[in-house]
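Please keep the sequence and the model open while reading.

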Amino acid sequence: MFNAHASAEGTFEHQLNEYKGVQATRVIMDYYNSDPSQSFYGGGGIDARGGLFLTPLMYTIAGSPPSEKNWGAEYKDMIAHSFSRQMGMFISGTSIPMDRNNITLHPTNTDQWGRPSIIVTYQNHPDDLENARFLQNIGQELLDAAGAKRTWAHPVEPSNFGVHLLGTCRMGDDPATSVIDKAHRTHDVSNLFICDGSSLVTSTRGQPTMIIMALAFRAADQIKAAANAGTI
Ligand SMILES: Cc1cc2nc3c(=O)[nH]c(=O)nc-3n(C[C@H](O)[C@H](O)[C@H](O)COP(=O)(O)OP(=O)(O)OC[C@H]3O[C@@H](n4cnc5c(N)ncnc54)[C@H](O)[C@@H]3O)c2cc1C
């Protein structure tokens with residue numbers, strides 16, 4: 001699982017200088033829970049930050065509305081004017097766990113040390129994209145309400161990469177359908193513990209690091225207890 005992401009962008013009259021310093025954001029959790037009245041399953045958070053395309057290089061490549069030409073003197077003027085006036089509403093939402101998604105090793109393609117490259121197979125559940133579109137619309141409404149002179153959003157596309165890498169060694173009681181048990185010990189190798197994002201069984205609905213850390217602390221306690229009990 002990746003978490004489905006999207007953003008809504010807005011330019012303001014005055015400089016915001018969002019690119020300066022650490023992104024200090026608060027995540028709007030009003031839409032975290034699934035809403036049974038919606039046609040899709042899922043939820044997520046919305047956080048305000050310096051646009052999805054925060055760095056100058058990324059901004060010149062993809063920071064402008066998709067409908068506009070991205071070359072020439074006019075474009076250069078727009079970049080110079082808008083970079084410090086832009087901010088975005090960044091959406092992180094549900095990525096429903098699907099059996100068809102996996103990471104496997106390539107049968108023949110290897111690196112110089114003979115290690116196989118990985119093959120990532122991933123396709124969003126349609127609800128992931130519906131949820132991302134829903135949250136993106138809310139983000140755009142928030143920018144309008146905040147007084148942005150202009151707002152837009154890049155179309156939500158199926159995920160083809162991600163930085164929130166979750167699942168693949170999921171936790172569970174059944175060795176046939178999971179890799180680690182509830183104490184993070186692998187079913188197959190008795191003294192091997194896996195404490196990272198791979199143990200998650202759902203994507204959560206946003207930034208995963210605190211959950212990964214909480215699980216790692218919990219696993220450490222259990223490893224200590226097992227060591228004291230002489231079962232390691
Ligand atoms: C650009 C970016 C932005 C992100 N932003 C956020 C955010 O705002 N909020 C949030 O919550 N999360 C964010 N994430 C996601 C978050 O960083 C990850 O989900 C989290 O760090 C994953 O933790 P992990 O322990 O699963 O793996 P990692 O932190 O990747 O740890 C894996 C470790 O294993 C080591 N390793 C790999 N192979 C070997 C080997 N063969 N032998 C020994 N060691 C090895 C690696 O060096 C690494 O230290 C972001 C990620 C990226 C890339």
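## Ligand shell

In this predicted model, eight named positions can be checked around the ligand: Val 163, His 164, Asp 196, Gly 197, Gln 207, Pro 208, Thr 209 and Ile 212. Sorted by class, the shell holds three nonpolar, four polar and one charged residues. Asp counts as charged, and Asp 196 is part of the shell. Val, Ile and Pro count as nonpolar; the shell includes Val 163, Pro 208 and Ile 212.

## Two domains

The chain splits into domain 1, residues 4–153, and domain 2, residues 164–232. Their centres, taken over C-alpha atoms, lie 29 Å apart. The contact draws eleven residues from domain 1 and eight residues from domain 2.

Which elements give two or more residues to the side of domain 1 that touches domain 2? They are strand E3 (44–49) and strand E4 (86–93). By class, this side of domain 1 has four nonpolar and seven polar residues. Charged residues are absent from it.

## The five-stranded sheet

Five strands form an open sheet in the order E2-E3-E4-E1-E7. The pairing is antiparallel.

Now take the pairs in turn. E2 and E3 run antiparallel and share two bridges. Here Val 27 sits opposite Asp 47 in E3. E3 and E4 also pair in the antiparallel sense, over six bridges. Ile 46 has Ile 91 in E4 as its bridge partner. Strand E1 (residues 4–11) pairs with E4 over eight bridges, again antiparallel. His 5 stands opposite Ser 92 in E4.

Helix H3 (residues 126–145) packs on this sheet. H3 touches E1, E3, E4 and E7. The direction of H3 makes about 20 degrees with that of E1. As a rule for reading side chains, in a regular strand they alternate between the two faces of the sheet.

## Overall layout

The chain's secondary structure comes to four helices and seven strands. Along the sequence the pattern reads β-β-β-α-α-β-β-β-α-β-α. The C-alpha trace spans about 70 × 45 × 35 Å along its principal axes.

## Confidence

How far does the predictor trust this chain? The average pLDDT is 91. Of the residues, 96% score at least 70. Where is confidence lowest, and where is it highest? The lowest mean, 79, belongs to helix H1 (residues 56–62).

Methods. Residues numbered from 1 in each chain as written. Predicted model: local features only at pLDDT ≥ 70, side-chain atom pairs only at ≥ 80, totals over all residues. Near = placed C-beta within 6 Å. Domains from an automatic or database assignment. Contact = placed C-beta atoms within 7 Å. Pairing = 2+ DSSP bridges. Axes fitted to C-alpha atoms, helices over the stretch in contact; angles between N-to-C directions. pLDDT = per-residue confidence, 0-100.
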